[in-house]
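The following note sets out points for a colleague who is reading this structure. Each point may be checked against the coordinates.

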Amino acid sequence: MIKAFAAVAALLVMAACSSEQKVPEAGTSVTPGSIADFKQNVGDRVFFDTDMSNIREDGRGTLAKQAEWLKKYSNYPITIEGKCDERGTREYNLALGERRANAVRQYLVAQGIPADRVKTISYGKERPEVVGSDEGAWARNRVGITVLQ
């Protein structure tokens with residue numbers, strides 16, 4: 001009886017070892033259609049050159065992916081946040097941030113996203129993405145961010 005019990009126990013241990021489930025590493029798996037999916041797999045931001053509000057080539061690619069994703073998952077209203085680096089006056093940067101947000105909005109609408117689904121807001125230099133007074137920080141703060149609601 002003890003030999004039978006030992007044999008069954010050994011089989012259970014071997015079966016447990018052979019059917020071990022792998023847990024996905026943190027940050028590698030997101031639910032399709034989630035906000036995390038949008039940020040990780042599509043990209044939620046486009047960057048601008050100094051004092052400019054036109055969409056760059058790299059931004060067009062990101063916005064094309066955003067439009068495709070937003071058409072597929074139409075349950076999200078969105079807000080485009082226009083931001084600037086710390087240089088320039090508050091008023092200048094608010095206006096520039098608004099032009100950037102509107103440029104992103106117009107691009108998405110041209111790609112078939114309903115206009116009434118897209119709002120814009122300018123934060124100018126008031127809400128920097130990165131704190132710093134160098135070209136690296138400034139480049140990351142010249143941005144239009146698509147925020148899913």
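1. The structure is a predicted model. The protein averages a pLDDT of 88, and 81% of the residues score at least 70. Over residues 11–25, however, the pLDDT is below 50. Beyond near neighbours in sequence, that stretch has one contact in the model.

2. Overall organisation. The protein contains five helices and four strands. Along the sequence these elements follow the pattern α-α-β-α-β-α-β-α-β. Of the 149 residues, 34% count as buried. Among contacts with a separation of 6 or more, 73% are accounted for by residues 24 or more positions apart. The protein exposes about 9200 Å², of which carbon and sulfur atoms supply 56%.

3. Helix 4: dimensions and burial. Helix 4 comprises residues 90–110, which is 21 residues. From its first C-alpha to its last it reaches 30 Å, close to the 30 Å expected at 1.5 Å a residue. Its buried residues are N93, L96, G97, R100, A101, A103, V104 and L108. They cover an arc of only 150° around the axis, and therefore lie on the same side of helix 4. On the other side of helix 4, E91, Q106 and A110 are exposed.

4. Which elements cover the buried residues of helix 4? The cover includes strand 1 (45–47), helix 3 (57–72), strand 2 (78–83), strand 3 (118–124) and strand 4 (143–148). Just after helix 4, G112 takes a positive phi of about 105°.

5. The loop between helix 4 and strand 3. A115 is placed in this loop. With a relative accessible area of 34%, A115 is partly exposed. The C-alpha atoms of A115 and R105 are separated by 7.9 Å, and the two residues are ten residues apart along the chain. Not counting residues up to four places away in sequence, A115 touches R105 and V109.

6. Helix 3. The end C-alpha atoms of helix 3 are 23 Å apart, which agrees with the 22 Å that its 16 residues should span at 1.5 Å a residue. The buried residues of helix 3 are G59, T62, L63, Q66, A67, W69 and L70. Their cover includes helix 2, strand 1, strand 2, helix 4 and strand 4.

7. Helix 2. In helix 2 (residues 35–42), the buried residues are D37, F38 and V42. Because they cover an arc of only 100° around the axis, they are on the same side of helix 2. What covers them includes helix 3 and strand 4. Helix 2 is followed by G43, whose phi is positive, near 105°.

8. The nonpolar core. How many residues make up the largest nonpolar core? It has 20 residues, and those with the most contacts inside it are W69, L70, I78, I80, V104, L108 and L148. The elements that give two or more residues to this core are helix 2, helix 3, strand 2 and helix 4. Leaving aside residues up to four places away in sequence, L148 touches I35, F38, W69, L70, Y76, P77 and I78. Among the residues named here, W69 and L70 are also buried residues of helix 3, while V104 and L108 are buried residues of helix 4.

9. The loop between helix 3 and strand 2. Y73 is located in this loop. Y73 and P32 are 41 residues apart in sequence and 9.4 Å apart in space, C-alpha to C-alpha. Neighbours within four places in sequence aside, Y73 is in contact with P32, G33, D37 and R117.

10. A backbone angle to check. Most residues other than glycine have a negative phi. D51 has a positive phi of about 60° although it is not a glycine. D51 is found in the loop between strand 1 and helix 3. With a relative accessible area of 47%, D51 is partly exposed.

Definitions and conventions
Residues are numbered from 1 along each chain as its sequence is written. This is a predicted model: local features need pLDDT of at least 70, side-chain atom pairs count only at pLDDT 80 or more; totals for chains, interfaces and linings use all residues. Side-chain values use heavy atoms; hydrogens and water are left out. The expected span of a helix is 1.5 Å times one less than its number of residues. Buried means under 20% relative accessible area, exposed over 50%, partly exposed in between (1.4 Å probe, protein chains only). The arc is that of the directions from the helix axis to the C-beta atoms. Contact means heavy atoms within 4.5 Å. A nonpolar core is a set of buried Ala, Val, Leu, Ile, Met, Phe, Trp, Tyr and Cys residues joined through side-chain atoms within 4.5 Å. pLDDT is the predictor's confidence in each residue, from 0 to 100. Accessible areas come from the Shrake-Rupley method with a 1.4 Å probe; for residues, only the protein chains shown count as cover.
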